[in-house]
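Dear colleague,

I am handing over the structure below, and after it I set out what was found in it. Please read the notes alongside the coordinates.

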Amino acid sequence: MFDLNRLRALRAVATHGSMTGAAAALGYTPSAISQQIAKLERETGSALFDRQGGKVELTPAGWLLAEATDEVVAVLERTRSRLEEQRDRPTGRLVLAAFPTACRGFAAAALADLVRRHRALDCQLVEADPNRAIRLVVRGEADLAVVHDWHNTPLTLPASLSVTELGEDIADVALPEGHPLAERDVLTPYDLRKERWIGQGSGAMCHEWLLRSFSDLDTEPNIPYQIEEYESQVSLLAAGLGVTMLPRLGRGTLPPTVRVVPMQPAPSRRLSAIWRSQADRRPAIHATLAALRGHWPHADSGHQARESV
């Protein structure tokens, strides 16, 4: 029998094209991944990779084993779901991935509720941006994730995932006290076209959203301060270094030197929960979804769920 962790290492190398990429994805060192692959090659008696220069490509035997890995993981997923379903209660390990504002906005409270209600469920939380969270769920390293996308920057989800919408999170313009626009009742992208922005860096979904928000004005926002975490953005904002967009979820109390003004049209991001469709029957998945919906800050306004496979 092949070791499942070694098979996962093989699949990660196949996906990312290098030992370094696989190590980063799985949270190991490149040396550890290389050792796992070497042991797997000894077990199979086959060369699994063709190493040429800095590139690593699968041999025919490697592809055969990588495809078998996907099938094995799928079978194990379905089996775990059926076993849990037979017990008719959430059990086992449940790993939830969520981005920072979702963690503090409602995911932490949802997990606390799960721990209290279901003692046989081992709940774990991993902080991850939406793109990384999707990869964690696809690879089986997380069971469920809370992700978000903006209406002008939609997420692309693999066909193997199911999704349900949790709600909408509106964002407002935040400016330093004394800024010429701070006393306005509402602001538009045109009003903000010449501002210096505090925002997330290239590759982040919020960065792409900000760029697209100004595309109709034939201009690109100036983002000299590229800060990932909103709390750090607020620190720069309070110091008067620029303006930013702050989602309402998990915002917390702002310093008195910061002013918040609604934007028109109001930008909002859609929050969704995703999981592997093969785990649809797991009571733990349904219990987690119920907890997330119950602790969503705007749960009293209802939510529209959408499912896809």
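A residue is called buried here if its relative accessible area is under 20%. Please keep in mind throughout that this is a predicted model. By that cut-off Phe-106 is buried, because its relative accessible area is 1%, and Trp-296 is buried as well, with a relative accessible area of 3%.

In one of them, the ring centres of Phe-106 and Trp-296 lie 5.2 Å apart and the planes stand at 85°, so the pair counts as edge-to-face. This pair links distant parts of the chain, since Phe-106 belongs to helix 5 (residues 100-117) while Trp-296 sits in the segment after helix 9 (283-295), 190 residues apart. Another edge-to-face pair is formed by Trp-197 and Phe-214, whose ring centres are 5.8 Å apart and whose planes are at 70°. Here too distant parts of the chain are linked, with Trp-197 in strand 7 and Phe-214 in the loop between helix 7 and strand 8 (222-226), 17 residues apart. Both Trp-197 and Phe-214 are buried. A contact of another kind involves Arg-193, which lies over the face of Tyr-190, at 3.7 Å from the ring centre.

Two or more lining residues come from each of strand 7 (196-199), helix 7 (205-213), helix 8 and strand 9 (244-247), and helix 7 gives the most, with four residues. By type, the lining of the largest cavity comprises ten nonpolar residues, five polar and no charged.

Helix 8 (residues 230-238) deserves a note of its own, as its buried residues are Tyr-230, Gln-233, Val-234, Leu-236 and Leu-237. These residues lie on the same side of helix 8, because they cover an arc of only 160° around the axis. Just after helix 8, Gly-240 adopts a positive phi of about 80°.

Finally, Pro-90 is located in the loop between helix 4 (60-87) and strand 3 (92-98), and Pro-90 counts as buried because its relative accessibility is 10%. The C-alpha atoms of Pro-90 and Ser-268 are separated by 33 Å, the two residues being 178 apart along the chain.

With best regards

Note on methods:
Residues are numbered from 1 along each chain as its sequence is written. This is a predicted model: local features need pLDDT of at least 70, side-chain atom pairs count only at pLDDT 80 or more; totals for chains, interfaces and linings use all residues. Side-chain values use heavy atoms; hydrogens and water are left out. Buried means under 20% relative accessible area, exposed over 50%, partly exposed in between (1.4 Å probe, protein chains only). The arc is that of the directions from the helix axis to the C-beta atoms. Ala, Val, Leu, Ile, Met, Phe, Trp, Tyr, Cys and Pro count as nonpolar, Asp, Glu, Lys and Arg as charged, and the others, Gly among them, as polar. Rings of Phe, Tyr and Trp (its six-membered ring) pair if their centres lie within 6.5 Å; planes under 30 degrees apart count as stacked, over 60 as edge-to-face and the rest as tilted. A charge sits over a ring if NZ of Lys or CZ of Arg is within 6 Å of the ring centre and within 35 degrees of the ring normal.
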